[in-house]
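Please keep the model in view while reading.

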Amino acid sequence: MNTQLKWPLLLLAGLMLGLTACKTEPEAPSASQSEVPQHSASTTYQPARFEEDNRAEKIRSLAPDMQRLIEEHAAERHIPGIAYGIVVDDELVVSGATGVLDLESERPATTSSAFRIASMTKSFTAMAIVKLRDEGRLALADPAEKYIPEMAGLEYLTSDAPAITIENLLTMTAGFPEDNPWGDRQLDETDQMLTDLMAGGVSFSNPASFAFEYSNTGYALLGKIISEVSGQPYQEYIREEILLPLGMTRTYWEYDSVPADILAHGYRWEDEQWKPEPILHDGSYGAMGGLITTIEDFSKYVSFHLSAWPPRSAPDEGPVKRSSLRDMQQPRFSRLYAEAKDWNGEDCAVMSGYAFGLGSATFCNGLRQVSHGGALPGYGSNYVFFPDYGIGVMAFGNRTYTSPYSLGPVYRKIFDSLQVKPRALPVSDILKTRKEEVAQWVRSGDPQVEASIMAENFFMDQSREYRRSEIAEVLEEAGDISSVGELEPENQLRGRFRMQAANGEVVVFFTLTPEADPKVQQLDVSFEGENED
């Protein structure tokens, strides 16, 4: 699958854009594996929330613009058909399509049309592995050769390379080389081919656990591990344990199983004309890219990932736990792209990395996105979701290795034009209390207040005399204080607030200790004049 489509949707502008599985009886988890400790939870914790929640209404207003952008993109990139959608929380609020599924019959594309989504399949495979981990049936630190004995004979690049683990396969750090587009043509291979490949030896591009490199073969091996551990073909396990519980009843592994009237046929653009691409059957490499689905079905999967946020104490009702979904979305082996640009073409560094079947990136402005693309002969697909906003965008097309939409214009519509805002973290009770006490102590130096709120390290790090002298200088420069602003929390035990003064603002930042009754362990007081940026 074309690397430019698979996961570097993480970067924008310059950077952006076997069915014969061997059945074995599953090993019953031991008591130590299956027993998960139960912990008590706070009764006062408040999860992040939207202060003004009109996101769905705002996104619905995008429908005409989204349709126009998709139609323009299809014409410009010579894509026969595209289906797309935008999810807000658990609702598909914008959806549509353009073009055709089959040039011969000219069947129109719709949101219920079935497209092969290629590497977007990888997160389903990863989710199955995570589910088996949560059930105590495997560990991510397990050597892959425990489940695929043929891997025990592999010749590693170096003698100090650690054994390839399941987590290496998930995060594409096993040392296998980037295998596009060779891997695309292996989609319908048998399990025997995969085990023979390992038994015959493979070429490594890196030592294990040393660097990220995109590998379809690694995800094919994960499919084999799912089959071995679950005792059923990975396709059946994923269908029964993930797809059906999410209500994804029109998602398929084998194209022969798809109703003919909804199946999108794939094409390439060559010699200024469309040429049909043969559709490959499903096989051992399907775990890296075999799923076929509709926008209506896939929107349920995106909604499920969005449901992981924010962390909260509500019941867990999905195929896997919310905490496991969040784990899937956390990047490993992250890399800083210092010269990246945002969707407006402006300089904006990006920190990005590969997670479990997902790419994850955080931009210089704090925007966090999780995404993956997919590309196979005849198809191109992409999806991206924003955990802090509860919004996901997806699109499928039927032209070889061609993204079905450009994210830049969509980003501008959502974040610039509509000014959609992320969740905000409420101020915890203890921060609220300490803020009032800190504000009082900064202004007065009251010994009784400091005795009740300062941690044991506070005056060890700097003497009381020195601290009060520094604060006095700030207050003298600031002038009379007229009001104390709201606290801006960073988390439950850290935040800052501003005090309005005659000549500017006094900025107060403080952090609390991990004690049951948290005390002030750090306090920074500074002055920002009216003419300062």
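A pocket is an open set of grid points, on a 1 Å grid over the protein atoms alone, with protein on both sides within 12 Å along at least five of seven lines, whereas a cavity is a set of points where a 1.4 Å probe fits but cannot get out. The structure described here is a predicted model.

**Pockets and cavities**

The largest pocket holds about 460 Å³ of space. Its lining comprises 24 residues, and the closest to its centre are Asp 90, Ser 303, Phe 304, Ser 307 and Arg 312. Two elements, β2 (91-102) and α11 (295-306), each give two or more residues to this lining. Of these, α11 gives the most, with 5 residues. By class, the lining of the largest pocket has 10 nonpolar, 5 polar and 9 charged residues.

The second largest pocket has about 350 Å³ of space. It is lined by 15 residues, of which Arg 312, Asp 316, Arg 322, Ser 323 and Arg 326 are the closest to its centre.

The largest cavity has a space of about 40 Å³. Its lining is formed by Arg 116, Leu 187, Pro 278, Ile 279, Leu 280, Leu 376, Pro 377 and Tyr 379. In the second largest cavity the space is about 30 Å³. The residues lining that cavity are Tyr 156, Leu 157, Ala 161, Ile 164, Ala 174, Phe 204, Asn 206, Pro 207 and Ala 208.

The table sets out the volumes and the classes of the lining residues.

| Space | Volume | Lining by class |
|---|---|---|
| Largest pocket | About 460 Å³ | 10 nonpolar, 5 polar, 9 charged residues |
| Second largest pocket | About 350 Å³ | 5 nonpolar, 5 polar, 5 charged residues |
| Largest cavity | About 40 Å³ | 7 nonpolar, no polar, 1 charged residues |
| Second largest cavity | About 30 Å³ | 8 nonpolar, 1 polar, no charged residues |

**The open sheet**

An open sheet of 9 strands runs in the order β3-β2-β1-β13-β12-β11-β10-β9-β8, and its pairing is antiparallel. The edges are taken by β3 (107-108) and β8, each of which has a single partner strand, so one side of each is left without a neighbour in the sheet.

Strand β1 (residues 81-88) is mostly covered, with 8 of its 8 residues buried. Strand β1 is joined to β2 by 8 bridges, and the two strands run antiparallel. It is also joined to strand β13 (residues 391-397), again in the antiparallel sense, by 7 bridges. Val 87 stands opposite Leu 92 in β2 and opposite Gly 392 in β13. The hairpin of β1 and β2 has 2 residues between the strands, and in it Asp 89 takes a positive phi near 55 degrees.

Elsewhere in the sheet, β10 and β11 form an antiparallel pair with 4 bridges. Ser 360 has Val 370 in β11 as its bridge partner.

**The disulfide**

A disulfide is a covalent bond between the sulfur atoms of two cysteines. A search of the whole structure finds 1 disulfide. The bond joins Cys 348 to Cys 364, with an S to S distance of 2.1 Å. Cys 348 lies in the loop between β8 (332-337) and β9 (350-354), and Cys 364 in the loop between β10 (359-363) and β11 (368-376), so the pair ties together parts that are 16 residues apart in sequence. The torsion about the S-S bond is about -115 degrees, and the disulfide is therefore left-handed. Cys 348 has a relative accessible area of 3% and is buried.

**Two further buried residues**

Ala 144 is placed in the loop between α5 (122-134) and α6 (166-171). Its relative accessibility is 0%, so Ala 144 counts as buried, the cut-off being under 20%. Leaving aside neighbours within four places in sequence, Ala 144 is in contact with Met 151, Ile 164, Thr 165, Ile 166, Leu 169 and Ile 225. Among these contacts of Ala 144 is Ile 164, which also lines the second largest cavity. Ala 174, another residue of that lining, is 30 residues from Ala 144 in sequence and 9.9 Å away in space, C-alpha to C-alpha.

Glu 450 is found in helix α15 (residues 447-453). At 11% relative accessibility, this residue also counts as buried. Not counting residues up to four places away in sequence, Glu 450 touches Trp 441, Gly 445, Phe 459 and Arg 464.

Key. Residues are numbered from 1 along each chain as its sequence is written. This is a predicted model: local features need pLDDT of at least 70, side-chain atom pairs count only at pLDDT 80 or more; totals for chains, interfaces and linings use all residues. Side-chain values use heavy atoms; hydrogens and water are left out. On a 1 Å grid over the protein atoms alone, a cavity is a set of points where a 1.4 Å probe fits but cannot get out, and a pocket is an open set with protein on both sides within 12 Å along at least five of seven lines; lining residues have an atom within 4 Å of a point. Grid points are joined across faces, edges and corners, and a volume is the space filled by probe spheres set on the points. Ala, Val, Leu, Ile, Met, Phe, Trp, Tyr, Cys and Pro count as nonpolar, Asp, Glu, Lys and Arg as charged, and the others, Gly among them, as polar. A disulfide is a pair of cysteine sulfur atoms within 2.5 Å. Buried means under 20% relative accessible area, exposed over 50%, partly exposed in between (1.4 Å probe, protein chains only). Contact means heavy atoms within 4.5 Å. Two strands pair if DSSP finds at least two bridges between them.
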